[in-house]
Amino acid sequence: MPQSSDQIAQQILSGFDRYRRLFRDLTSGARARFEQARWNDIQEASTLRINAYEEQVQETADGLTQSTFGPQVLDVEAWPGIREAYIHLIDQRFDDELAETWFNSIFCSLHQHDQISDKTMFVHSTRPVSRPPSRIALTRGFISEGSLHDLAHQILSEYSFDVPWEDMTRDVEMIVTELQQGLPDWAQMDRGLTAEMVQSVFYRNKGAYLVGRLISQHEQWPFVLPLVHREHQGISVDTVITDESEVSIIFSFTRSYFMVECAVPSELIGFVKQLIPGKHLAELYTAIGFYKQGKSEFYRALIAHLANSDDRFIMAPGVRGMVMSVFTLPGFNTVFKIIKDRFAPSKNIDRATVIEKYRLVKRHDRVGRMADTQEFADFRFPRDRFDPECLRELLEVAPSTVIEEGDSILIRHCWTERRMTPLNIYLEHASETQTHDALLDYGKAIKELAAANIFPGDMLLKNFGVTRHGRVVFYDYDEISYLTEVNFRVIPEPLYPEQEMASEPWYSVAPNDVFPEEFPVFLFADIRHRRQFAGMHGDLFEASYWKSLQAQIEAGQVIDVYPYRRAAATP
Ligand SMILES: Nc1ncnc2c1ncn2[C@@H]1O[C@H](COP(=O)(O)OP(=O)(O)OP(=O)(O)O)[C@@H](O)[C@H]1O
């Protein structure tokens, strides 16, 4: 192996170290932001952390091409040697799997995607599946000795902040009461009942979370304590969560990424995976900010699924998009979204704007109501993995994105996103209770997005999906805008009766004008849904409702939408 391979590998790794330092600095700042209630800084830190990856990849790749190694790094033949050298360098690292993904990003930024292989980069990981523990303590154990009270007290005493607890005695009592209700009697009496808690605190938006599990002789439960900081009052425990699906919702793909310090990412991921085994590794890495690692894991799971099944791509059920074409694999709960070459005439936007809107959502607080997306370039799939109807449609509507290359189909650009049941389809088959709950949550979703300064633009039922937890989530981003950019108006009174009867509006309408009075007819073809929704969320049909939210946002209020049921005592 030429010496230069070592040096190039070293330079790639130095870039990774720079990125990791930036990531760590932004992450460790979360504690001070929480303690000092600097809510307005959170969004910025979160965006900076997401952007840091691409920026550092670019800087590292530029550094390489501009160095004396320029010709070598641009020669694909050199990469097997560089890869070999790199494997030796990362062998002893605690974040070696992230380092592999970093290498892939550098390679992909310098070469065409058809050069990708396990010779030139790490399509599959070379890291051992199981390896000896790092011996860096990830968690801390607390033993109840038969007293839930002592257990709760020990835990809260261990986590100290620069701000005092508002009322630790009250919170200890609340935890005890919740555990008494949630745990079987034998577990409460088990003297060996142990809480194993991650030492680092998970921060996101205005919240902080102590994450761990309760272990008894026979069983274990997730154990999560969400904390809030009320300014001038102190920190308190908001509720107690011991339910797996509630923890899963906290780690949802519809939320911003956590800020949590971790020396050995794979060990933290392994621990959280034990609490919520249903979550894929890809989602867990993404949930703590390593979204590129999430992409690697996702891609590996996708190729494994294709290798181990006969699943074929089909068009996603539902109304066809006017901007996007959406397909899926029935056995793999993801949709693939590509931008059509031509949009329906009513869509007054271009491709670049669509991309910009999707990227905006990735960086914005998604408040549990917008699905995260991962952006991919140059997916290649065997032609026979496409249902012929699906392939015909994709080739017809997006010929510049979907390319036939012999037996392969190249998808030049796409986003992946969790598959949900489109709300319009869900309502067609829903029971009365399900209809009620879904409509209620649909309105809540619109309100929570609005409070986070997001106006969906197109709020039709078909643009929302229902998750497996029954939550309503928005997924169509091409018409999204900041709420504060919208001009909410009341329809002016007609001057003459003929005006009202005319087919054109009798008042002028500017591009950003929105008339909430029109929503009921526009959103609900089914009159029963319209009436039911008006009873639940009628305020959404009034311009004054939207204007008052705008005023709150402009006054700098930062809302937080809690991803859990708050304990009753919370004001
Ligand atoms: N995450 C998802 N899960 C399930 N189905 C989805 C998902 N995203 C999109 N779809 C399906 O694909 C259709 C089109 O997707 P989307 O609304 O994103 O496209 P669009 O072109 O932006 O739509 P519009 O024409 O409303 O602007 C949806 O109506 C829905 O049926």
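Predicted model: local features only at pLDDT ≥ 70, side-chain atom pairs only at ≥ 80, totals over all residues.

Q: Which element supplies the largest share of the side of domain 1 that touches domain 2?
A: An automatic or database assignment sets the domain bounds, and here it gives domain 1 (3-115), domain 2 (139-303), domain 3 (309-419) and domain 4 (423-554). 19 residues of domain 1 are in contact with 24 residues of domain 2, where contact takes C-beta atoms, placed from the backbone, within 7 Å. Helices (DSSP runs of H or I, at least four residues) and strands (runs of E, at least two) are numbered from the N terminus, and α1, α2 and α5 (96-110) each supply at least two residues of that side. The largest share, six residues, comes from α1.

Q: Is I42 buried or exposed?
A: I42 sits in helix α2 (residues 39-66). Leaving aside neighbours within four places in sequence, I42 is in contact with R33 and N205, and the C-alpha atoms of I42 and N205 are separated by 6.4 Å although these residues are 163 apart along the chain. Because I42 has 22 other C-beta atoms within 10 Å, it counts as buried.

Q: Which residue in β4 is the bridge partner of Y203?
A: Strands pair if DSSP finds at least two bridges between them, and strand β3 (residues 202-204) pairs with β4 in the antiparallel sense over three bridges. In the hairpin of β3 and β4, which has two residues between the strands, N205 takes a positive phi near 50°. Not counting residues up to four places away in sequence, Y203 touches A30, R31, F34, A208, F258, M259 and V260. The bridge partner of Y203 in β4 is A208.

Q: How many bridges join β4 to strand β5 (residues 220-230)?
A: Strand β4 (residues 207-215) is largely enclosed by the rest of the structure, because eight of its nine residues are buried. A hairpin joins β4 to β5 through four residues, and I215 has Q220 as its bridge partner in β5. The two strands run antiparallel, and the number of bridges joining them is nine.

Q: How many other C-beta atoms lie within 10 Å of K337?
A: UniProt, in an unreviewed entry, places a "binding site" feature at positions including G321 and K337; such annotations may be inferred rather than shown by experiment, with feature names shortened and positions given in the numbering used here. K337 lies in strand β9 (residues 332-339) and touches M324, V326, C414, W415 and E417, not counting residues up to four places away in sequence. K337 is buried, and the number of other C-beta atoms within 10 Å is 24.

Methods: Residues numbered from 1 in each chain as written. Contact = placed C-beta atoms within 7 Å. Buried ≥ 20, exposed ≤ 12 C-beta atoms within 10 Å, placed from the backbone.
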